[in-house]
Every structure is written in C-alpha cells, then in structure tokens.
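Student: I would like to go through this model step by step, with the criteria stated.

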Amino acid sequence: MKRLLIYNYWTMIFAWCMYLNGWSLFGTAAGILAGVLLLAVKSEADPWRIAVVGVLMYCPILLALSFSRIPFFFSGSYFFLAAVCLNTAVVNEYLYLFRVKAIMPVLVIMLISIGVLTVLIGLLPSGLYALFGKPNLYLMDAFIFLPYLIPAAACVIYKTCLLHASEGRQKKSLLQ
C-alpha cells in the first residue's frame, strides 16, 4: 500500500513536469489517472470525504491562483488544479491508513523540498523573472507543495492527538 502511494507521488511529479513544460493536458490526464488508480485499489473510499477534501483544497488555491499571473504563463491551470485537488483528496484517504512513523519521512521530504525551493527562489536575481515576478514564483512553490503537505501534516497532527488522548485515558484508568 505504501508503495502505491509512493508511485502516486512520482506520477504527480511527472504530471507537474509536464504541466510546467507546457503539456498541461497530459499533466492533467496523468493526475486524474493517478487518482483513479488509487481509488480502484481502495474499495472502502468515502466519496463524500473525497469531495469535501477536494473542494476544500480547490477553493483557496483557485482564489490565490486567480489573483496571480500564473494562468497567463501556464495554460490549463484551472483544470490541472482540479486534477491535483482530486489526487490530493484520494491521497488523503490513504494517509489515514498509515501510522505516523510511515508518514513522517514523506512529510519531512516535502518540508525540506519546499524549504530548499523557497531559498532558491530567494537567491535568484529578480531580473531573471521580471515578467513572471518573484511573488508569483513563491506562489507557484506553494501551489506545487501545499496541496500534498497540508493533508499529510493534518493526518500526523490528528493521529498524534489521538495517540496522546488514548495514553491519557489509559493513565487515568490505571490511577483509578
């Protein structure tokens, strides 16, 4: 199961590469296909939770995207965003099946990646991206990583809180 999730992340990396190189239709198709394959394997997926998570991810990113210059430079941004949010919602279904120890390495890799990319954007001279602009680069950095970082972090926080709550109940029952 973990391997399938890792393959999904790699597929989305390739989808992002296709999107950023002007092949947004193929990137969108790859994102949708990766989400559908995850759904095909997991038989107990909750369609309402997938829809709610997808919409909760889509709306704020769409709002931020609509106020930026990104759609002018990358055609098909809104469709690709829908594919990313669908894939994120399906990945969210899988994350709750794993223990925190299995999610943490992926979360740390994502945090390191967003940090390195943010530092690299900060080090770039502003003249290189005069048309696109550095704020749009930072937004693109967030657009790439946050849809996958937020559900993984929420899952880790949720599972950690449940673990501490159950430990607290066990200690309380032992003291009585």
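Student: At what angle do H2 and helix H5 pack?

Tutor: The model is predicted, so local features need pLDDT of at least 70 and side-chain atom pairs count only at pLDDT 80 or more, while totals for chains, interfaces and linings use all residues. Residues are numbered from 1 along each chain as its sequence is written, and side-chain values use heavy atoms, with hydrogens and water left out. H5 covers residues 77-95, and its axis and that of H2 are 8 Å apart; axes are lines fitted to C-alpha atoms, for helices over the stretch in contact, and angles run from 0 to 180 degrees between N-to-C directions. The packing angle of H2 and H5 is about 20°.

Student: Are H2 and H5 roughly parallel or roughly antiparallel?

Tutor: Angles under 35 degrees count as roughly parallel, over 145 as roughly antiparallel, 65 to 115 as roughly perpendicular and the rest as oblique. H2 and H5 are therefore roughly parallel.

Student: Which orientation does H1 have relative to H2?

Tutor: Helix H1 (residues 2-20) and helix H2 (residues 24-41) have axes 7 Å apart and pack at about 165°. That makes H1, relative to H2, roughly antiparallel.

Student: What is the handedness of the crossing of H1 and H2?

Tutor: A crossing is left-handed if the near helix is turned anticlockwise from the far one by less than a right angle, and right-handed if clockwise. The crossing of H1 and H2 is left-handed.

Student: How many helices does the chain have?

Tutor: Helices (H or I, at least four residues) and strands (E, at least two) are DSSP runs, numbered from the N terminus. Along the sequence the pattern is α-α-α-α-α-α-α. With 0 strands, the count of helices is 7.

Student: Is Gly-133 buried or exposed?

Tutor: Gly-133 sits in the loop between H6 and helix H7 (134-175). Buried means under 20% relative accessible area, exposed over 50%, and partly exposed in between (1.4 Å probe, protein chains only). At a relative accessible area of 12%, Gly-133 is buried.

Student: How far apart in space are Gly-133 and Leu-81?

Tutor: In sequence, Gly-133 and Leu-81 are 52 residues apart. Their C-alpha to C-alpha distance is 21 Å.

Student: What is the relative accessible area of Leu-123?

Tutor: Leu-123 belongs to helix H6 (residues 100-123). Leu-123 is exposed, at a relative accessible area of 65%.

Student: What share of the chain is made up of buried residues?

Tutor: The chain has 176 residues. Its C-alpha atoms fill a box of roughly 65 × 35 × 30 Å along the principal axes. The buried share of the residues is 36%.
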